[in-house]
Amino acid sequence: MSNPSSSFHRHADRLLLWTLRLLSALAALIVALILLFVLREAWPALHQFGPVRFLRDPGWHPASGDGDGGYGLLPMLVGTLLSSGGAVLLAAPLGLGSALFATSYGPPPLRGLHRQLLQLLGGIPSVVVGFWGLVVLTPLIRQWHPPGQSLLAGILCLTVMILPTTALLSEQALRDVPAPSLQAAAALGLSRRATLEGVVLPVARGGLLSAVVLASGRALGETMAVLMVAGNVIQVPASLFDPVRTLTANIALELGYALDLHRAVLFVGGLLLMGVVAVVMALAAGLRSSPGHG
Amino acid sequence: MAIPDLLFGFSMAVLPQAGPPAASARHRLRPIPLGMVGMLLMGVMVGCDTASHQKLSLTGSSTVAPLVAEIAKRYEASHPGTRVDVQTGGSSRGIVDARNGTAQIGLVSRALKPEEADLQATTIAIDGIALIVNGANPVRSLSNDQIRAIYTGALTNWRQVGGLDAPITVVNKAEGRSTLELFLEHFQLDSRQIKASVVIGDNQQGILTVAADPHALGYVSIGTASHEAKAGAAIRLLPLAGIAPCLENVRSGRYPLSRPLNLVIQPPAAPGVVPFLAFARSPEVNDLVESQFFVPPAR
C-alpha cells in the first residue's frame, strides 16, 4: 500500500466512481423526467376528474364535449393485460422449449441456425408483424369466427414478437448454470432429464424469470402490431374472438388528433401503463428474491 | 450479458415505427418524431441563414397533407430559399396550431365551424367520403337508412341487405378524425350509438382492413379509395343515395358527402404565407390535385 503509484490509482478510482455515479444518476433522471412529463400532461384530467373516474366511467367518448364525455380506461387496461398476458403464456413455454433445444436436446449443427433464425425474428419491425397479422392471420381467424381482428390475433402477433426475447434470454440463463454443478450431476450418474429437472432449471430459475419479465415489458408496450390486428373496439372482451383496444393502441390512434382534456386523458392512459409495467417488474423482483433460490 | 443488449438494440430499432400511423410512406411524409428532428435541424439552418430565406410550417389533416406536400415541393422549386414543412396530426390540430401560431398554416379537411370564424380558410380542393366494401361483396348499393342501421347495430348480416349470409364487419374511424365527424353528421348519428367491429386510424389502414375482409363495410376519403382501387386493392366504392362516388359528381356538388380541403390561417397572414396560398389555389397545381383524386375548386 506504500507503493508510490497507489495514490494515483486511488484518484483514478475516484474519478471512475464519480463518472459512473453521474452516468447512473443521469439514467435514473431520464426515467424520472419522463414520469414527471407524463404526470404534468395528465394533470388537467387527473385534477378535474380524480383518479377513480377513469376506472369507473362506462364508455370512452373523450371528444364529445367537456365533462359529459366518457373517460373509461378500464376496458383498455383489460385489453392490455389480456393480450400481453396471453402472449407471455404462449411465449414463455415456447421460449423455454427453444432454449432447451438450443442447449441440450438439439443436434449441434441445427443449434446455430435455430439461434440465428430467432435473432432474425427479433429484428422484424412491429409494423411488418402487424401487416402479416392483418393480411394472413386475421383472415384465417375470421374463417373460424368473425370478425377476425380480435384479442386472439393480438395475442398471436405479440407472441411472435416476444418469442425471441424469451427464447434467447432463457437460453442464456441455461448456459449460465455453473459447469461444476453439471459435472457433479454427471458424476452422480443423473440422466439428462434428471439433470435438467433437478439441477439446471432450479439454478436458472432467476434468469428464466427475467426472460419472462423482459418479454412482458415488451408485450405491454408494443403498439403498432396490436393496433393493426386487434380491432381496437373499446370493450371488455367476452371471448378470444372479440376485438379489443390496448392502452398503447389508444394513445397511438388518438394522440395526434386529441386536444385539451382528451389529450390529457390519453396521458393518464400512459401513466396507467407505466404503473402496470412497474407492478410487473416489482412482482418479478419479489419472486426472484424469494427464499431458496438465487 | 450480450444478449439483453442485443434485444434492447432490437426494440430501439422498432420504436420509431410506433409513431402515429397518420403519415404514410407512400406520400413521403415524415412521421411526427422525425419531423420534429427535421424542425430542429431546420431551426439551426434558418438561424444561420440571411433574411432572404423563409420557412413555412403547415400542420393538420392527414387527408390534406399528402396533397400539400406535393404542392409544397413544386412551390419550393419555383421559390428558391423557401422551405415548406408539412406535418400531419388531424384537422383539430390544424385549427389549434394556426390559432396559437405553432404553424403558419393549418390543414383542415372540412368547412370551418361558426365558432372558428376568427380564422380564414382557403379551399384548395374538394374531397368526398365513400362507403367501401370488399371487391368480392355482391352488394352494389346501400340506402342511407340501411347504412344507419348497420352502423348502429340494427342490421348485422349482409343477407338483410341483399348480400351473402355473413356477419357485417363494421369498420369505424377512431375519435377525433374529421372523416368520422363528417360521417356522423351526414347520417345524423352520435358516436355513442355506433356499434363497430373494428376501429381504424387512417385511410390506408381502413382500405387494408376492408381489402382483407370480404364482409367489411367502411368509409374513407374518395381520393385515397379511388387511388388504391385503381392500384389494385380489392375494394369497391358504393354509391351514396344513388349517386356514384366519382370525381365528376364531387365536382358538380351532386355527391352528398363531400368536404372542402382547406388551408387555414389566423389573420393577419405571416410573411410569405399569402403567395403560398395564392399558389396553392392557382390552376398551376390542378394536375397535383387531380393526381391525388381530389377535385380542384371552382375558381
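I call a residue buried if 20 or more other C-beta atoms lie within 10 Å of its own, exposed if 12 or fewer, and partly exposed in between, with C-beta atoms placed from the backbone. Helices (H or I, at least four residues) and strands (E, at least two) are DSSP runs numbered from the N terminus.

This is a predicted model, where local features need pLDDT of at least 70, side-chain atom pairs count only at pLDDT 80 or more, and totals for chains, interfaces and linings use all residues. Residues are numbered from 1 along each chain as its sequence is written, and chains are lettered from A and ligands numbered from 1 in the order in which they are written.

**Strand β7(B)**
I checked residues 216–221 of chain B: six of the six are buried, so strand β7 is largely enclosed by the rest of the structure. For pairing I needed at least two DSSP bridges between two strands. Strand β4 (residues 120–134) of chain B runs antiparallel to β7(B), with five bridges; there I found Ile132(B) opposite Gly218(B). Strand β5 (residues 169–173) of chain B is parallel to β7(B) over two bridges, and Val170(B) faces Leu217(B).

I counted contacts as C-beta atoms, placed from the backbone, within 7 Å. Chain A puts in 42 residues and chain B 37. On the chain A side, α5(A) gives the most, seven residues.

**Confidence**
pLDDT is the predictor's confidence in each residue, from 0 to 100. Chain B averages 82, but residues 1–51 of chain B stay under 50. I noted an ipTM of 0.81 for the complex.

How values were computed
Two residues are in contact if their C-beta atoms, placed from the backbone, lie within 7 Å.
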